Each structure stands twice: as C-alpha cells, then as structure tokens.
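Trainee: Could you take me slowly through the aromatic rings in this model, and through the part of the chain around them? I would like to follow each step with the structure in view.

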Amino acid sequence: MTLPITPEALPSTEPQSAIDPVCGMKVDPAHAAASTQHEGTTYWFCSVSCLRRFQADPPRFLSGGSQAGSCCDPRAMAESIPGAEYICPMHPEVVTDHPSSCPKCGMALEPRLPVLEDSPDPELIDMSRRFWTGVLLGWPVFLFSMADMFPGVSLHRWAGPLNWLQLALSIPVVFWCGKPIFQRAWASLIHRSPNMFTLIALGVGAAFGYSLFATIAPDWFPAGFRRHGAVMPYFDTAVVVTVLVLLGQVLEVKARRRTTQAIRRLMGLAPKTARRLSAGQEEDVPIADLRVGDLVRIRPGEKVPADGVVVEGDSRIDESMISGEPIPVEKRPGDRVIGATINTTGALVVRLERVGSETMLAQIVRLVSAAQRSRAPVERLVDRVSGYFVPGVVVVSAASFLAWSLWGGESRFALGLLNAVAVLIIACPCALGLAL
C-alpha cells in the first residue's frame with residue numbers, strides 16, 4: 001500500500017503536507033477539509049466530496065485510481081466521478097451507468113451531473129434523422145390515402161398497385177424510423193410497466209399487420225371488405241402515428257437540451273484560473289489546483305475563484321449572479337465572498353474556505369439539475385392513468401374480437417379482427433394525449 005504522505009513530510013508527528021488519494025492534490029493537514037483513518041493510516045482530503053468518494057471504495061484510490069484535479073473544478077463535476085450515473089427524469093429510482101431509455105416510461109436517461117462541454121446530442125441527432133426520414137417516405141402514403149377527398153381525383157382503379165407501393169414506403173418508416181418505439185414498448189412489457197409506448201406500438205403494429213395481410217392476401221377477407229378489387233389498408237395510420245411520436249421525441253429532447261444549456265452557462269461562470277499567493281510569490285494556476293486555505297489575489301475586473309473570506313484589501317463585488325442586485329457590495333477584511341462573483345474596484349486577498357464541488361456555485365448547479373429531473377403532480381397522475389389505461393385498451397380490444405367472433409354472423413372472424421384492430425388504432429391518439 002502506498003501511503004499518501006510524502007517522505008519529506010515525516011519529521012514530525014503531523015506532516016506538513018499530504019496528498020489527497022482521490023484527486024492527487026497536495027493538502028495541508030492543518031487546513032484540510034476532511035480526514036479519515038483507514039487500516040491505521042490517516043488520509044487528508046481537499047474537500048468533503050473527495051472524502052465521500054474515498055469512503056465508498058478505498059482500495060480503488062489506494063491502488064493508483066486518483067484523478068488529479070478533477071474533483072476541485074465545478075465545471076467538471078460530471079467527469080469527476082468515474083462511471084457517471086444516468087437517471088430517469090420521471091423515475092429517479094431508475095439509475096444506470098450508461099445512456100439508455102427508462103424501462104418504465106420510455107424517456108431517455110440523463111446524466112445525474114451536467115458537463116460543461118456542449119457536445120452534439122446523439123439522441124437528438126438520431127431522432128431527427130428518423131423523423132425526417134419518416135416525413136420523406138410517409139407523405140406519399142398519406143396523400144394516397146387522402147386522394148379520394150380531393151374533388152376530381154380517383155385512384156380506385158390503381159388500388160391494388162397503390163397498396164403495394166404504400167407497403168414498400170411504410171416498411172422503413174415503421175421498422176426503422178419507429179424502432180425506438182418498439183424497443184421501449186418491449187422494455188415496458190419485460191418490466192411490467194405499460195406506458196404510452198406500449199399502446200402506440202400495439203396500435204402501429206396492429207395497423208401495419210392488418211394492412212400487410214390486406215395487401216398480400218386480399219382474398220382472405222370477405223367480399224364486403226374489398227372495394228375495386230382491393231382491401232383498404234391502414235398504412236397511413238401506422239405512418240402518421242409513428243412520425244408524430246418521433247416529432248414529439250425531437251421536441252422533448254430539444255426542450256431538455258435548452259435546460260441543460262442553461263445549466264452549462266451557469267457552470268461557465270466560474271473562472272478558469274486564479275492568482276495564488278505562495279511563499280511570497282504569485283502565480284497563475286488552474287482553478288482545479290486550488291485547495292482550502294490557499295491565499296489568492298483578485299485584481300479589479302477578475303472573478304472570485306472560490307468561496308472564501310477577505311484577509312486584505314477593500315473593494316466592491318458584483319454579486320448579481322447570486323442575488324440579482326446590480327449594485328456592487330462593499331467588501332472589507334473579514335467579509336465573505338462567493339465564487340464566480342466579479343471584483344469591480346480595488347484588489348483583494350482572499351483565503352479560500354470552500355473549493356470545487358463545495359462552493360455555492362456548484363451547489364446551485366446541483367439544485368438546478370435536480371429540479372430539472374423533478375416531476376410535477378400532474379405527471380404522477382398521468383403515470384397512474386397510463387398504468388390502467390393501457391391494459392384497459394387491450395382488454396376492450398380482446399373483448400371486441402371475442403364478441404364479434406361469437407355473434408357477428410357471417411364473416412364474424414374477419415369482422416372481429418377488424419374491430420379489434422380498430423380499437424387499438426383509435427387508442428393511439430389517446431396515448432399521444434397522455435404523452436403531451
């Protein structure tokens with residue numbers, strides 16, 4: 001085992017400096033934020049968050065698993081925790097270590113802690129690609145089904161070939177564009193948590209399946225189902241519902257992304273460097289290298305690097321990013337300052353008391369991020385309604401098929417299938433309404 005105390009620090013019972021085993025930073029034991037005993041050895045930490053991470057898995061950090069500097073930079077809080085957690089905005093109990101969708105509601109999981117980098121959103125890119133592909137291939141299917149409603153337009157004599165054309169256009173829309181819908185519906189069935197994706201997948205699947213048989217085997221249907229030698233399909237319903245669901249997903253991802261961008265702008269308020277005083281010398285260091293007890297000089301126009309107390313100087317601090325008050329607040333020795341606020345007039349020397357994830361700015365970021373994942377009361381009501389609505393629709397569809405099959409007279413099985421499919425299709429807009 002490698003002790004975190006450097007050999008130079010051993011002439012006295014208490015070392016003059018130590019190494020934080022989590023982030024690898026030098027720590028003055030006299031000003032350490034926290035310490036703990038492990039297997040007879042004392043370890044000092046630059047922040048409470050480092051202590052918590054160490055206590056969760058000491059062997060990992062004692063075997064060389066530290067990540068230098070990451071824990072003390074509020075702009076990199078998400079990366080500071082190896083194996084970042086992803087959580088469902090609707091169901092906080094659903095947590096994984098990789099991006100996926102929630103098995104209960106189907107929503108995409110979000111990182112528990114935001115990151116500063118504004119990188120492209122893979123989910124938005126994927127959903128947008130599927131949506132626009134669905135629009136491109138689906139609009140001819142929609143126009144063909146609506147053609148009879150336009151005066152002077154009649155496509156009856158081409159009903160059979162048009163069914164085959166609609167089938168060819170609908171296959172990629174339903175099975176490629178709508179793939180996320182069926183994946184989330186299957187996950188909901190496995191976890192016994194039916195949601196809107198369950199009902200939409202049933203409706204789209206039933207409409208496409210009925211239309212498929214109506215196209216490849218129209219003779220299986222009674223004569224009353226056929227017009228102009230062909231059975232009218234529901235390809236337009238399957239395509240339109242799929243595209244509308246994808247549109248909703250794109251809008252949802254964009255809305256979440258705007259909220260995340262606001263959090264990133266909040267995190268970006270922290271300065272990148274600070275002017276640290278050490279042994280009578282001044283040097284510019286990255287904010288990640290700061291630790292509790294450091295003295296920093298803040299010149300006019302610079303941002304306060306972290307929370308602390310003024311030990312020298314007289315100035316005015318613009319705290320509008322915290323209080324909203326545009327008038328700068330006068331600061332003198334003994335007054336506390338908040339990280340990311342702006343020094344406006346004189347120079348100050350500040351002793352840091354809270355750095356990294358312990359600063360007020362970092363705490364605000366965590367609170368805003370948690371609020372983003374919280375649920376309104378109406379969302380809980382919708383969850384409960386969905387839990388009963390989806391099984392209810394399936395029961396009604398099955399009952400419709402059974403009733404028509406028993407008492408439907410001639411062609412009763414075909415009529416039972418048609419009405420069962422109709423129930424599932426009609427329920428799709430209801431599922432869309434619950435989603436909104």
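Predicted model: local features only at pLDDT ≥ 70, side-chain atom pairs only at ≥ 80, totals over all residues.

Mentor: The structure holds four aromatic pairs, and one of them is formed by Phe 208 and Phe 235, whose rings are arranged edge-to-face, with 5.8 Å from centre to centre and 65° between the planes. This pair links distant parts of the chain, since Phe 208 belongs to helix α6, which covers residues 196-216, while Phe 235 belongs to helix α7, which covers residues 235-267, and the two residues are 27 residues apart. Both Phe 208 and Phe 235 are buried.

Another of the pairs brings together Tyr 210 and Tyr 234, and here the rings are tilted, with 5.4 Å from centre to centre and 40° between the planes. The arrangement is called tilted because an angle under 30 degrees would count as stacked and one over 60 as edge-to-face. This pair, too, links distant parts of the chain: Tyr 210 is in helix α6, whereas Tyr 234 is in the loop between β9 (230-231) and α7, 24 residues apart. Are these two tyrosines buried or exposed? Tyr 210 has a relative accessibility of 7%, and therefore counts as buried, for the cut-off is under 20%. Tyr 234, by contrast, has a relative accessible area of 26%, so it is partly exposed.

The phenylalanines can also be viewed as a group, because Phe 175, Phe 208 and Phe 235 form one aromatic cluster. A ring may also have a charge over it, as you can see at Trp 176, where the charged end of Arg 130 sits over the ring, 4.7 Å from its centre.

Now look at helix α6 as a whole. Helix α6 is mostly covered, with 15 of its 21 residues buried.

Of its 436 residues, 44% count as buried, and its accessible surface comes to about 22100 Å², of which 62% belongs to carbon and sulfur atoms. Among the contacts with a separation of 6 or more, 62% are between residues 24 or more positions apart.

Notes. Residues numbered from 1 in each chain as written. Heavy atoms only, no water. Phe/Tyr/Trp six-rings, centres within 6.5 Å; stacked < 30°, edge-to-face > 60°. Helix = DSSP H or I, 4+ residues; strand = E, 2+ residues; numbered from the N terminus. Buried < 20%, exposed > 50% of the residue type's maximum accessible area, 1.4 Å probe, protein only. Lys NZ or Arg CZ within 6 Å of the ring centre and 35° of its normal. Contact = heavy atoms within 4.5 Å. Areas by Shrake-Rupley, 256 points an atom, 1.4 Å probe, with all protein chains shown as cover.
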